[in-house]
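Visitor: I'm new to this one. Can you put it up and walk me through some parts?

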Amino acid sequence: YELARIERIGNNSGQALEWAEKAVEVAPENVWYLKLLSEMYQDNMQFDKSIEVINTLVKLHPESLEYLYDLALTHLLVGNYQKAINTYNIIEEKIGITEEISLQKQKIWVRMNKPEMAIREMEALCNAIPDEARLKSILAELYLSNGMDEKALATYLDIAERDPDNAYIQISLSDFYR
């Protein structure tokens with residue numbers, strides 16, 4: 001493990017990877033060894049192997065959100081968008097709806113060309129955090145970009161009614177009417 005770290009610092013990633021693999025062979029349940037091996041696979045652009053190692057970490061420590069976040073991010077890196085969404089859903093089951101996860105999922109749905117799912121995601125987030133005008137603005141823009149002008153207008157008007165001094169909403173309404 002320490003030899004792998006030394007080689008990594010010396011920018012010898014190939015040798016570092018070999019040492020990291022040997023460390024995991026010796027202690028296959030050592031979290032530190034597994035984390036280093038996952039990072040080394042990523043450094044060497046072997047993302048599928050990194051995902052395997054992170055899955056091992058998730059199985060060993062299912063209560064750890066850190067490994068689930070790492071798994072979702074790695075899935076994103078390789079374009080496994082549905083698997084990233086599935087992983088974020090697991091996190092949400094554990095901690096509930098959060099702005100960070102919902103916004104990430106919304107972006108993934110847009111990238112996957114599934115605007116109806118992106119809209120559902122934002123609607124759920126806006127229901128969970130109803131007083132956040134910024135989130136409702138994102139929802140209104142999603143409606144607008146997907147030809148749902150009436151829903152966009154209703155959302156903009158709702159925001160303007162709740163927060164009449166919100167300059168962003170006034171500009172958005174002006175753009176909408178124009």
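Guide: We can go through a few helices and loops in turn. This is a predicted model, where local features need pLDDT of at least 70 and side-chain atom pairs count only at pLDDT 80 or more, while totals for chains, interfaces and linings use all residues. Residues are numbered from 1 along each chain as its sequence is written, and side-chain values use heavy atoms, with hydrogens and water left out.

Visitor: Okay. How many residues does α5 have?

Guide: Helix α5 covers residues 65–78, which is 14 residues. Helices here are DSSP runs (H or I, at least four residues), numbered from the N terminus. From first C-alpha to last, α5 reaches 20 Å, close to the 20 Å expected at 1.5 Å a residue; that expected span is 1.5 Å times one less than the number of residues.

Visitor: Which residues of α5 are buried?

Guide: Tyr67, Leu68, Leu71, Ala72, Thr74, His75 and Leu76. Buried means under 20% relative accessible area, exposed over 50%, and partly exposed in between (1.4 Å probe, protein chains only).

Visitor: And what do they pack against?

Guide: The buried residues of α5 pack against α3 (31–43), α4 (47–60), α6 (81–95) and α7. Contact means heavy atoms within 4.5 Å.

Visitor: What comes after α5?

Guide: Glycine 79, with a positive phi near 85°.

Visitor: Switching to α7. At what angle does it pack with α9?

Guide: About 10°, with the axes of α7 (residues 99–111) and α9 (residues 133–145) 13 Å apart. So α7 is roughly parallel to α9, a label for angles under 35 degrees. Axes are lines fitted to C-alpha atoms, for helices over the stretch in contact, and angles run from 0 to 180 degrees between N-to-C directions.

Visitor: Which residues meet there?

Guide: On the α7 side, Glu99, Leu103, Gln106 and Val110; on the α9 side, Arg134, Leu135, Ile138 and Leu142.

Visitor: New topic. Where is asparagine 11?

Guide: Asparagine 11 sits in the loop between α1 and α2 (13–26). Its phi is positive, about 60°, although asparagine 11 is not a glycine.

Visitor: Why does it count as exposed?

Guide: Because its relative accessibility is 72%.

Visitor: What about methionine 45, where is that?

Guide: In the loop between α3 and α4. Methionine 45 has a positive phi near 60° and is not a glycine. Methionine 45 is exposed, with a relative accessible area of 61%.

Visitor: Last one: which helix holds glutamate 7?

Guide: Helix α1, residues 2–9. Glutamate 7 counts as partly exposed, at 25% relative accessibility. Leaving aside neighbours within four places in sequence, glutamate 7 is in contact with Asn12, Gln15, Ala16 and Trp19.

Conventions. Helices (H or I, at least four residues) and strands (E, at least two) are DSSP runs, numbered from the N terminus. Angles under 35 degrees count as roughly parallel, over 145 as roughly antiparallel, 65 to 115 as roughly perpendicular and the rest as oblique.
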